[in-house]
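Here is a short briefing for a first look.

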Amino acid sequence: MAGDGEEDLAAFVALHGAALRASRVPTQYWESLSRKLRGEVFDAGDYFGIMQVEEVDEEEEVDEEMEEQLKKKPNPGNGPCFKVIVTNENGLQASNPDSVFLIDHAWTYRAEHARLQLRRVPGLLHRMANLMGIPFHGELPDEGSIEQVLQEMWKYNQTYQLSQGTAEEKVPVWYIMDEFGSRIQHSDQPSFAAAPLFYMPQQIAYTILWPLRDLETGDEVTRDYAYGETDRLIRKCVLLPWVPTEVLDVSCFTPEPPDEHYQAILAENKEKLPVAINPPVYAKDKVFKVFTDIQQVLNNLTHPRFVFTDNEGEADILYNFSHFKDYRKLSEERPEVMVNQFPCENLLTVKDCLASIARRAGGPDGPRWLPRTFNLQTELPQFISYFQQRDRRGEDNHWICKPWNLARSLDTHITNNLNSIIRHRESSPKVVCKYIEDPVLFEREDVGLVKFDVRYVVLLRSARPLQLYSYDVFWLRFSNRAFSLDDLDDYEKHFTVMNYAPGVTLKQVHCEDFIPLFEKQYPEYPWTTVQASIFQAFAELFQVASSKPAPLGICDYPSSRAIYAIDLMLKWDTSRDGKRIMQPQILEVNFNPDCDRACQYHPTFFNDVFSTLFLDETDNCHVTRIV
């Protein structure tokens, strides 16, 4: 039997050892944890109890400071105050290998599904309202109670993320522990630690709870809600959902990060910069051999001066779908080979880097063509100060949280709830951008005034000297419901990316049809003028992106070429001379964009792209030079 136990433990450690080490669960508990998980042993009730804390008696004297502390009690929610204490008569010894406990999860969900689940899952709203101290009467879910739970849940939410699977499967999962786990209060000197563990055999997540010291009967069970944060100001900010405070004394000034920031990004990306080379010169009639793994290129590039090869070693052009890393080796061994990427182009295509380099154009607030953006990992206090200042001035405070490096609006959330934004920082690295509260809208006959965004494909021929072109066709995406600043989790009202959402209408309008419709709706704003301001924004973006040497800017490697898709919206703004203008707002820059629609409606698309980038010939190509 002992042998079986050892085998079980070895199998458990093989599956979960890395996660347990990352969560710093002491190895002395692993065997007992394995056994409890296998047997679904929930024995916390033998050691702990939930106690309701009595409010201070009115006749007792309470000084003002104590009153303030009571108002700021960390117990989440508005109802009675609870805490968890050790009830076992023998107390609890940290050295006991059985002193590890499972906490069940009452609700597990993805943020975008929360409202629907509260409406539809029987008993869920009632349980969550009770757990959060929200009054709930009646049997049927009502929108008022749902809204309260959606606001309060950020004081209870915990999160984990699956490390494998599709992009959709890796979107962070949020969960609320059961009544026992949710009653465990915060302390800066916690008596316990807790961490989620996804138990592979059952495909279920639990929270693991273990003591940090010996406890006696009556001692409180606490954990650190800001576990791992050592900086005092960051801890204060992270704990703000439970301990409300103002950080108005913190400057919301966000200068561009120091050079070391970009050096660290280069090292993390494992990108090796090229050595200096002379720009290659090719014969005027040369036929270039292209090695590519992109099916759209294989299917649509028909220009006579390009032929495909399956041999990467003989190629003149490498047109790869995935990111190229070793530019040094390529520059030393095959400097004449052109590649469809630039070293350090992530400064454009990753959202936190885009915001950082854009400050070169507009100072700490950023340029007018980029929504005000904060990096939640490095600029949390500045963001909270800015949010609270806007709140004090009565200004709009809707924000959009975006992961640094995901596309298609995955894990992207619109909110005016500060607690929600602070907690989203825990799930994955994110930026928070000012949500465009006054967008230029488009009248859809079937729907009304909806949001829309515009996608331009730009061609970067050279970083220094800067040569930038735009493809002459742009693409449009529309929301499916009339815009208003409410129902912030209504995807079809607030987002425009419909081609990945199952069962959702995809409205398509060709740019040639869009322009007269737009000018009919906005006769004082001819599209040529709007597009000129868009191209001006593109020019400024690429000028600042290439203004400093790599890794502080895009590397001016002479054999690099690239295409990017820039997504933008228009918002109403006021010019410096007081006129109402349509101000372009760059949302993101995409590496190696999906060009399926481009090829479908414009068969010469890749011929034009390759001719512009690799032959330096733009005659008869559908491109316009921006810089």
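**A cavity and its lining**

The lining of the second largest cavity has eight nonpolar, one polar and two charged residues. Here Ala, Val, Leu, Ile, Met, Phe, Trp, Tyr, Cys and Pro count as nonpolar, Asp, Glu, Lys and Arg as charged, and the others, Gly among them, as polar. This is a predicted model: local features need pLDDT of at least 70, side-chain atom pairs count only at pLDDT 80 or more, and totals for chains, interfaces and linings use all residues. Residues are numbered from 1 along each chain as its sequence is written, and side-chain values use heavy atoms, without hydrogens and water.

**More on the cavity**
- Its lining includes Lys351, Thr373 and Lys402.
- α13 (351–362) supplies the largest share of this lining, three residues.
- β18 (430–434) and β25 each give at least two.

**An open sheet**
- Four strands line up as β1-β2-β10-β7, with mixed pairing.
- β1 (48–53) and β7 (185–186) are at the edges with a single partner strand each, so one side of each has no neighbour in the sheet.
- β7 and β10 (220–223) run parallel, joined by two bridges.
- His186 has Arg223 as its bridge partner in β10.

Technical notes. Pairing = 2+ DSSP bridges. 1 Å grid on protein atoms, 1.4 Å probe; cavity = no way out; pocket = protein on both sides within 12 Å on 5 of 7 lines; lining within 4 Å.
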